[in-house]
Protein chains: 2
Amino acid sequence: MGAPLRIAIAGLGTVGVGTVQLLQEHAQTIAMRCGRPVEVTAVSARDRCKNRGCDVSGAVWYDDPVAMAREAEADVIVELIGGSDGVARDMVAAALKAGRDVVTANKALLAIHGTELARAAEASNVHLTYEAAVAGGIPIVKALREGLGGNHIRRVYGILNGTCNYILTTMEDTGRDFDDVLEEAQELGYAEADPSFDVDGIDTGHKLALLTSMAFGCPVDFEAVSMEGIRHVTAMDIQHADELGYRIKLLGVAEETEHGILQRVHPCMVPKNGPIASVEGVFNAVVVEGDFVGRSKLEGRGAGAGPTASAVVADIMDLAAKRGAPTFGVPVDGLVERPTATIDTHVGAYYVRLMVLDRPGVFAEIAAALRDAQVSMESILQRGHDPGAVVTVVMTLHSTVEAATTRALERIGGIDAVVEPPCMIRIEDL
Amino acid sequence: MGAPLRIAIAGLGTVGVGTVQLLQEHAQTIAMRCGRPVEVTAVSARDRCKNRGCDVSGAVWYDDPVAMAREAEADVIVELIGGSDGVARDMVAAALKAGRDVVTANKALLAIHGTELARAAEASNVHLTYEAAVAGGIPIVKALREGLGGNHIRRVYGILNGTCNYILTTMEDTGRDFDDVLEEAQELGYAEADPSFDVDGIDTGHKLALLTSMAFGCPVDFEAVSMEGIRHVTAMDIQHADELGYRIKLLGVAEETEHGILQRVHPCMVPKNGPIASVEGVFNAVVVEGDFVGRSKLEGRGAGAGPTASAVVADIMDLAAKRGAPTFGVPVDGLVERPTATIDTHVGAYYVRLMVLDRPGVFAEIAAALRDAQVSMESILQRGHDPGAVVTVVMTLHSTVEAATTRALERIGGIDAVVEPPCMIRIEDL
């Protein structure tokens, strides 16, 4: 049995406590699997006196996580504070500079400063690992960097945010609308008081940016991610999706296109019997399409103390066993800038819902707008007939380049009888 | 860039050729990810003159794979010959003894001689890896040994044989019977001329034995696997399953029970909306239930040149990058013998189909047999009414211990009016 691997943990929220509990409960198995024990030698959190349900009395307490990262008697610094800047960034930078391996669950930090931090890790010849940052307990970082590492990846996509998936699943199950379900999710602790990171797609965007870098070997580029959240999805859209044979999911998709790498986050109608539609509630799933392996899907809990701790500990065990990989799969100097495709180059089918004054001639105006934008309609259906009142019109569009769809919808939105901005949801065979 | 990793490959069938092609096509990416190039320096196969569609002219040819394993200028020996004994076993043993890392896709070999070979690897301080041996391209070996390695695993189960899944899916889609679909699968190359390993559950048993060892940290024990194949499943059973809300899949299940570790392979009715039912055709899926991570599912192509090569190359890349793990997750001396539970201790629900002469009193005899064995019936349904002729009776039984079900079915099989042995299929909420 080798010398203990010494761990310093910053942040003792649910994930930090779960990590300590896992390391303690399974200490023997972990030591056996790694060839050496793992010991928590230092901790840092906001409130020293709080009772957290885990025993860290054997660890040295630091009020300042940055000081801990620099000075603690530890081989590995675990960052579970969160946030793309401030103390999390400072402590990770300090740890790497001090020559310590870093384990983090912080997607925002890596999505924004990942390349710079990976470079710092390489300069110190240490590792920066983040299995817990993407899709919770699902070992997708390891799969992309190692298990599927021989493949040329063409596309990676998935459900990366459990909060949105819970909200959409509940809307579907209950027929209730977004605001109502969000409020309940907040009460249940499934959504934050400020839900924006989740429901506006930003969290999914952070995770997607990391997957993109690993899948395509390019520097992390969060700025290039097109993001659209789920606030505009109504119970009515979910009902229409069901009738059309689809479910609505918030997807992150990264793919090689003829225009470059396209990273996009948006709600999407996916076929009910496809690999994504069956992913329910707080579960996450990631699909990887590789040239040799074909389509692989990994599914599991995307958040919560247990799954996230499982991923943090997997990283710690790799470090204990001296298994390492470059932060994004290849050394930073080997990451290749790729052309960036924008969402207006996306080609796909569309669902469009319009709220329209029921009067003669409106369909003709809509049809003319589509014709002029060279958009081909697959179907159009007015739901109900109530002259002079507002009715719902649902269209599906054949595969079209998004720029044309946008042009057509702008013009349609300007038609007098169209009383709300059109609601557009992409349809994909994923 | 480090010195090249030198590879010797034995067996140039579809997987061997796929491996060479992957290593050549993605040589640059692989070198970048591993920090060193990978070179095929030696090969061995049956026929030197065969045109295989891949260029191995730069490699030294060996007629004898055992000699190659011992003598070739190679760091890693890749065994793609197959078979639990004979030349595959000899060459792997020779390679380990000579201090070379071994990569193999051979589940039969490891299921039967795994512990002994793992010990030989440890004695020489080398690695024995086998990602391709279980579930093709799905990185499940890595997930169990590393990515989910911090968890206490309670159960691992899945669809591990693409041939059986293809046959069952096709029977379901077309309504055709087993023999007919098997013949077609053989013509299409999806099933072997001797299909026994696949359709009798042996191949699934081999793979399950490996998963069991990794999941529960016990020595591989293929002898303890209870195996039942799919030959007795009829189109009628698939139809009945559909009516009851189930699909029939051949599952391998390993679980901790109060009687010990139970390893079982058998066809199973699983709910249509559960995680297993949606796995179609040649796809495989493995579900891991861990105490911290919860339920995780990995799904992908379970066989074929590309997926298997993807897994073989993942192992090679790990060795190139000096990432290693003990063969079964912990060193052989750390594997703990666990009590073995037998299938008669299994507790679950059952579907039973009987072919019965339609005459008064038969139901009473059946009911008495169930009562005497303390088996509680959930439903019984005679399909059709044709006095004096043979009709189908379908029963479902409430959760029962298997020994009692077996006793009841033996007695029912002995009833005069029951003209065929009862067909029993387990029902599970997987």
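**View 1. Helices H6(A) and H10(A) pass one another in a left-handed crossing.** In this predicted model, the axes of helix H6 (residues 140-147) of chain A and helix H10 (residues 202-216) of chain A come within 9 Å and cross at roughly 15°. Because angles under 35 degrees count as roughly parallel, H6(A) and H10(A) are described as roughly parallel to each other. On the H6(A) side the contact is made by Ile140(A), Val141(A), Leu144(A) and Arg145(A), and on the H10(A) side by Leu211(A), Met214(A) and Ala215(A).

**View 2. Helices H1(A) and H12(A) meet in a right-handed crossing.** The axes of helix H1 (residues 14-25) of chain A and H12(A) come within 8 Å and cross at roughly 60°, which makes H1(A) oblique to H12(A). The residues of H1(A) that take part are Thr14(A), Val15(A), Gly18(A), Thr19(A), Leu22(A) and Leu23(A), and those they meet in H12(A) are Ala305(A), Thr308(A), Ala309(A), Ser310(A), Val312(A), Val313(A) and Ile316(A).

**View 3. An open sheet of six strands in chain A has parallel pairing.** The order of the strands is S3-S2-S1-S4-S5-S6 (chain A). Strand S3 (60-62) and strand S6 (128-129) of chain A stand at the edges, and because each has a single partner strand, one side of each is left without a neighbour in the sheet. Helix H12 (residues 305-320) of chain A lies across strand S1 (5-10), S2, strand S4 (76-79), strand S5 (101-104) and S6 of chain A, running at about 165° to S5(A).

**View 4. In chain B, six strands with parallel pairing form an open sheet in the order S3-S2-S1-S4-S5-S6.** The edges are strand S3 (60-62) and strand S6 (128-129) of chain B, each of which has a single partner strand, so one side of each is left without a neighbour in the sheet. Strand S5 (residues 101-104) of chain B runs parallel to S6(B) and is joined to S6(B) by two bridges, with Val102(B) standing opposite Leu128(B) of S6(B). Helix H12 (residues 305-320) of chain B lies across strand S1 (5-10), strand S2 (38-44), strand S4 (76-79), S5 and S6 of chain B, and its direction is at about 165° to S5(B).

**View 5. Strand S15(B) pairs in the antiparallel sense with strand S13(B) and with strand S14(B).** Ten bridges link strand S13 (residues 347-357) of chain B to strand S15 (residues 390-401) of chain B, and in this pairing Val356(B) stands opposite Val391(B) of S15(B). Six bridges link strand S14 (residues 377-383) of chain B to S15(B), where Met377(B) stands opposite Leu397(B). S14(B) and S15(B) form a hairpin with six residues between them, and Gly384(B), which lies in the turn, has a positive phi of about 85°.

**View 6. Chain A is divided into three domains, and its relation to chain B is that of a rotated copy.** Domain 1 of chain A covers 5-133, domain 2 covers 140-301 + 328-343, and domain 3 covers 347-427. Taken over C-alpha atoms, the centres of domain 1 of chain A and domain 3 of chain A are separated by 52 Å. Chain A is superposed on chain B by a rotation of 180° with 0.0 Å of shift along its axis, at an RMSD of 0.0 Å, and the two copies are thus related as by a two-fold rotation axis. Of the interface residues of chain A, 98% are also interface residues in chain B, so the copies meet through the same surface.

How values were computed:
Residues are numbered from 1 along each chain as its sequence is written. Chains are lettered from A and ligands numbered from 1 in the order in which they are written. This is a predicted model: local features need pLDDT of at least 70, side-chain atom pairs count only at pLDDT 80 or more; totals for chains, interfaces and linings use all residues. Side-chain values use heavy atoms; hydrogens and water are left out. Domain bounds come from an automatic or database domain assignment. Two strands pair if DSSP finds at least two bridges between them. Helices (H or I, at least four residues) and strands (E, at least two) are DSSP runs, numbered from the N terminus. Contact means heavy atoms within 4.5 Å. Axes are lines fitted to C-alpha atoms, for helices over the stretch in contact, and angles run from 0 to 180 degrees between N-to-C directions. Copies are superposed by least squares on the C-alpha atoms of residues with pLDDT of at least 70 in both. Angles under 35 degrees count as roughly parallel, over 145 as roughly antiparallel, 65 to 115 as roughly perpendicular and the rest as oblique. A crossing is left-handed if the near helix is turned anticlockwise from the far one by less than a right angle, and right-handed if clockwise.
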